[in-house]
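Here are my notes from a pass through the model, as numbered points. Have the structure open while you read.

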Amino acid sequence: MTVFGEYARYYDLLYREKAYAGEADWVLRRLREAKPDVCSVLDVGCGSGRHALELARQGVTVTGVDISPEMVQRAHEASRGVPGVRFVTGDARTVRLGERFDAVVALFHVLSYQTSNHDLLAFLQTIREHVQPDGVVLVDFWHAPAVLGEGVSPRIKEAEDHGTRVLRMARPVMRAQDSCVDVHYHLIAWQGAGSPTELREVHTMRFLLCTEVDLALRQVGLQARGFYTFGEDGPPRMDAFSAACVATASSVVDSSSG
């Protein structure tokens, strides 16, 4: 995975309108429904740390891990003055921190970046090995019925702040046989009167059925407890791209292939 390199410089500007505080509220409420005494959280694939910081502001200690050194650096910078939060660089499929947490979360579709079955199970095994035996897990992902039913189309996003203007064009290419979408990003950034900077990255995203997520969780010893439309109280809607699953540790690992 080589995404979020130079692109990380503009990530927070592009997503500055994202409701991180409200999403963190929803995540913590879901976690505490399953485990009321959640005090420590591991945020896998934390990006620039915006969810982690909001969780820390609610009084839980948070460790964020991300594969992108650029993202981790931005998270470090943003966390100054916020107690109870730390960030480390690591591959979510292989990182081992040598500690366990009350809860493990993976937000903003980190699960969907695991495009092969091998990577998906390795990623979930990392989660399993870092959650307490009585802990809780929350992951979100691209919801297959919505991706296939609503379709994907090119999008343009613009953002500007403090002398920086960014134009991002996203061209999705569906690979239905692989349950994946290749999102081709072309980003142009202007800073002051200088020449624009152009970046190109391809982010491959996997869309998943709830039943696929349930099976993969069981294969690493996690038990799905509920599926939701992300940010809502009800089950995944057919037109909602973002679904979430709350899971807990299980004493039995399902090694069947389904």
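1. Start with R30, which forms a salt bridge with D233, the closest N and O atoms being 3.2 Å apart. A salt bridge here is a side-chain nitrogen of Lys or Arg within 4 Å of a carboxyl oxygen of Asp or Glu. This one ties together distant parts of the chain, with R30 in helix α2 and D233 in the loop between β10 and β11, 203 residues apart. Helices (H or I, at least four residues) and strands (E, at least two) are DSSP runs, numbered from the N terminus.

2. Before going on, the ground rules. This is a predicted model, so local features need pLDDT of at least 70 and side-chain atom pairs count only at pLDDT 80 or more, while totals for chains, interfaces and linings use all residues. Residues are numbered from 1 along each chain as its sequence is written, and side-chain values use heavy atoms, with hydrogens and water left out.

3. The cut-offs are under 20% relative accessible area for buried, over 50% for exposed, and partly exposed in between (1.4 Å probe, protein chains only).

4. R29 is partly exposed at 38%, and E33 is partly exposed at 46%. R29, R30, E33 and D233 are linked in a network of salt bridges.

5. Another of them joins R57 and E54, whose closest N and O atoms are 3.2 Å apart. That pair lies within helix α3 (residues 50–57), 3 residues apart, again about one turn of the helix.

6. Now the inside. Which members of the largest nonpolar core touch the most others? Of its 29 residues, they are L111, F123, L124 and I127. Two or more residues each come from β1 (40–44), β4 (101–106), α5 (117–130), β5 (131–143), α7 (210–219), β10 (222–229) and β11 (242–249). Apart from this core lies another, of 28 residues, including A24, V27, V85 and F87. By core I mean a set of buried Ala, Val, Leu, Ile, Met, Phe, Trp, Tyr and Cys residues joined through side-chain atoms within 4.5 Å.

7. F123 deserves a click. Leaving aside neighbours within four places in sequence, F123 is in contact (heavy atoms within 4.5 Å) with V44, A92, R93, A106, V110, L111 and Q114.

8. C39 is in the loop between α2 and β1 and is partly exposed at 47% relative accessible area. With neighbours within four places in sequence left out, its contacts are V60, T61 and D102. The C-alpha atoms of C39 and V60 are separated by 4.8 Å, though the two are 21 residues apart along the chain.

9. Last, what lines the second largest pocket? Of its 10 lining residues, N117, L120, L215, A216 and Q219 are the closest to the centre. α7 gives the most to the lining, with 4 residues, and α5 and β9 (197–208) each supply at least two. A pocket is an open set of points on a 1 Å grid over the protein atoms alone, where a 1.4 Å probe fits, with protein on both sides within 12 Å along at least five of seven lines; lining residues have an atom within 4 Å of a point.
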